[in-house]
Amino acid sequence: MDKKILIIRLGSLGDVILSSAAVTNLKIRYPDSRITFLCKDKFRDAVELIDGVDDIVGIADGLSAIAYYKILLDLDSKNFNVVLDLQGNLRSWLARKTITADETIVYPKRRFDRLLAVKRKVIPKVWPHTIDLYNDAVEQAGAKAHCVRPVMSVPKVEFSEDVQRFVSGNERFVIVAPGAAHPNKQWPIERFVETAAMIHREEKVGIVWAVTSEDADKPSPKEDIAPESFLQLTDCPIPSLARLISLASVLIANDSGIAHLSSAVGTPVIALFGPTHPALGFAPKGLYDRVIEVDEPCRPCSLHGKKKCYRDERYCFERISSRSVFEGAQEILRVRYGQTPA
């Protein structure tokens, strides 16, 4: 059945990647449909890696309300059959009210459950993942939730000379991404350094140190790793990063969009959760992914990890040792050696 479908998911990077399962399920049910994706411009590169998206409409940061409304009016002229709001905020509400469609569906955001987890520390024994919530909206649109993990295509991009040299010279390598959207969500970078050095020394693998420009001048394991086995990437574009991650043996990261990107291209993730909690629905969901965390009475302290820690130390991170992260990565390296990506 031909359908015109609009998906609204403005950000963030991780949420955009998690919406890939919903797109896949819609295309399975409606193979002749045309799916338009409304997102922020800065996430366009990520959306382009989602198979099944036919058109992308981007919104620039700092866009005025009038300019945004004009974009919505233009979308309204497309005569969509279905509008899926996978955002659930004021901007997506305005989009739903402006864009007419035969059917408008909003995903169940679990606001009350998440509020209980953050404010009262009420953690259920089982909880739905964000992908499950997106798929709830998909099922309301008449499709089935066949796909329950993020899935993105690996782009065919050419590596720069230094990246190609590193890949050619290192049969196995691990990517370490110590950044996060908010400083409070970052495990101490010194421990990332220690972990990377241990992995290189004991497993004889290359190390890719993937950072943003904000962290480029902070400590790195460069001095502890053979030059031919170390590569630092700063502000690497999403397409190139996705391809490089797809070739890696494992990725180590905080609770971040890069962790979800790794899951989506089939590379196992070791994800470090401190102030946030998997019960909020944002843990990586790849087949071999692992979350490393410790119990603290103050966890989770906020939904997205923005809130500054009020204690004398961030015990949720301080109690996660470099050795425990190394051992998690080591287990994946040894079990997965020689196997194809998930």
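Below are my entries, in the order I looked things up.

**Ground rules**

I'm working with a predicted model, so I note that local features need pLDDT of at least 70, side-chain atom pairs count only at pLDDT 80 or more, and totals for chains, interfaces and linings use all residues. Numbering starts from 1 along each chain as its sequence is written, and side-chain values use heavy atoms, with hydrogens and water left out. For elements I take DSSP runs, numbered from the N terminus: helices are H or I with at least four residues, strands are E with at least two.

**Entry 1: the five-strand sheet**

I started with the strand order. I read β3-β2-β1-β4-β5, an open sheet of five strands with parallel pairing. Two strands pair here if DSSP finds at least two bridges between them. β3 (55–59) and β5 are the edge strands, each pairing on one side only.

**Entry 2: what packs on it**

Helix α2 (residues 20–29) sits on this sheet and touches β1 (4–8), β2 (34–40) and β4. I count a contact when heavy atoms are within 4.5 Å. The direction of α2 makes about 165° with that of β2. Helix α7 (residues 130–140) lies across β4 and β5, and I get about 155° between α7 and β5.

**Entry 3: β4 and β5**

How many bridges join β4 to β5? I find five, between parallel strands covering residues 80–85 and 101–106. The chain gets from β4 to β5 through helix α5 (residues 90–98), and this β-α-β crossover is right-handed. The test for that: with the strands pointing away from the viewer, the path from the first strand over the helix to the second runs clockwise.

**Entry 4: α4 against α5**

Helix α4 (residues 65–76) packs with α5 at an angle of about 40°, axes 9 Å apart. That angle makes α4 oblique to α5; my classes are under 35 degrees for roughly parallel, over 145 for roughly antiparallel, 65 to 115 for roughly perpendicular, and oblique for the rest. The crossing of α4 and α5 is right-handed, where right-handed means the near helix is turned clockwise from the far one by less than a right angle, and left-handed anticlockwise.

Which residues of α4 and α5 make the contact? On α4 I list Y68, Y69, L72, L73 and D76; on α5, R91, S92, L94, A95 and T98. By class, the contact of α4 with α5 has six nonpolar, two polar and two charged residues. For the classes, Ala, Val, Leu, Ile, Met, Phe, Trp, Tyr, Cys and Pro are nonpolar, Asp, Glu, Lys and Arg are charged, and the others, Gly among them, are polar.

**Entry 5: α2 against α7**

Back to α2 and α7, which pack at about 30° with their axes 9 Å apart. That makes α2 roughly parallel to α7, and the crossing is right-handed. The contact residues are A21, A22, N25 and L26 of α2 with I131, Y134, N135 and V138 of α7. I sort them into six nonpolar, two polar and no charged.

**Entry 6: the six-strand sheet**

There is also an open sheet of six strands, ordered β8-β7-β6-β9-β10-β11, with parallel pairing. Its edge strands are β8 (230–234) and β11 (290–292), each pairing on one side only, and the twist averages 15° from one strand to the next. Five bridges join β7 (residues 206–211) to β8 in parallel, with A210 opposite L233 in β8.

Helix α9 (residues 189–203) packs on the sheet against β6 (173–177), β7, β9 (250–254) and β10 (269–272), at about 160° to β7. Helix α10 (residues 238–247) touches β6, β7, β8 and β9, and its direction makes about 135° with that of β6.

Where does the cis bond from G11 to S12 have its omega? I read it near 0°, and S12 is in the loop between β1 and α1 (13–18). The R299 to P300 bond is cis too, with omega near -15°; P300 lies in the loop between β11 and α12 (315–318). Last, R110 has phi near 60°, positive in a residue other than glycine, and R110 sits in the loop between β5 and α6 (111–120).

Technical notes. Axes fitted to C-alpha atoms, helices over the stretch in contact; angles between N-to-C directions.
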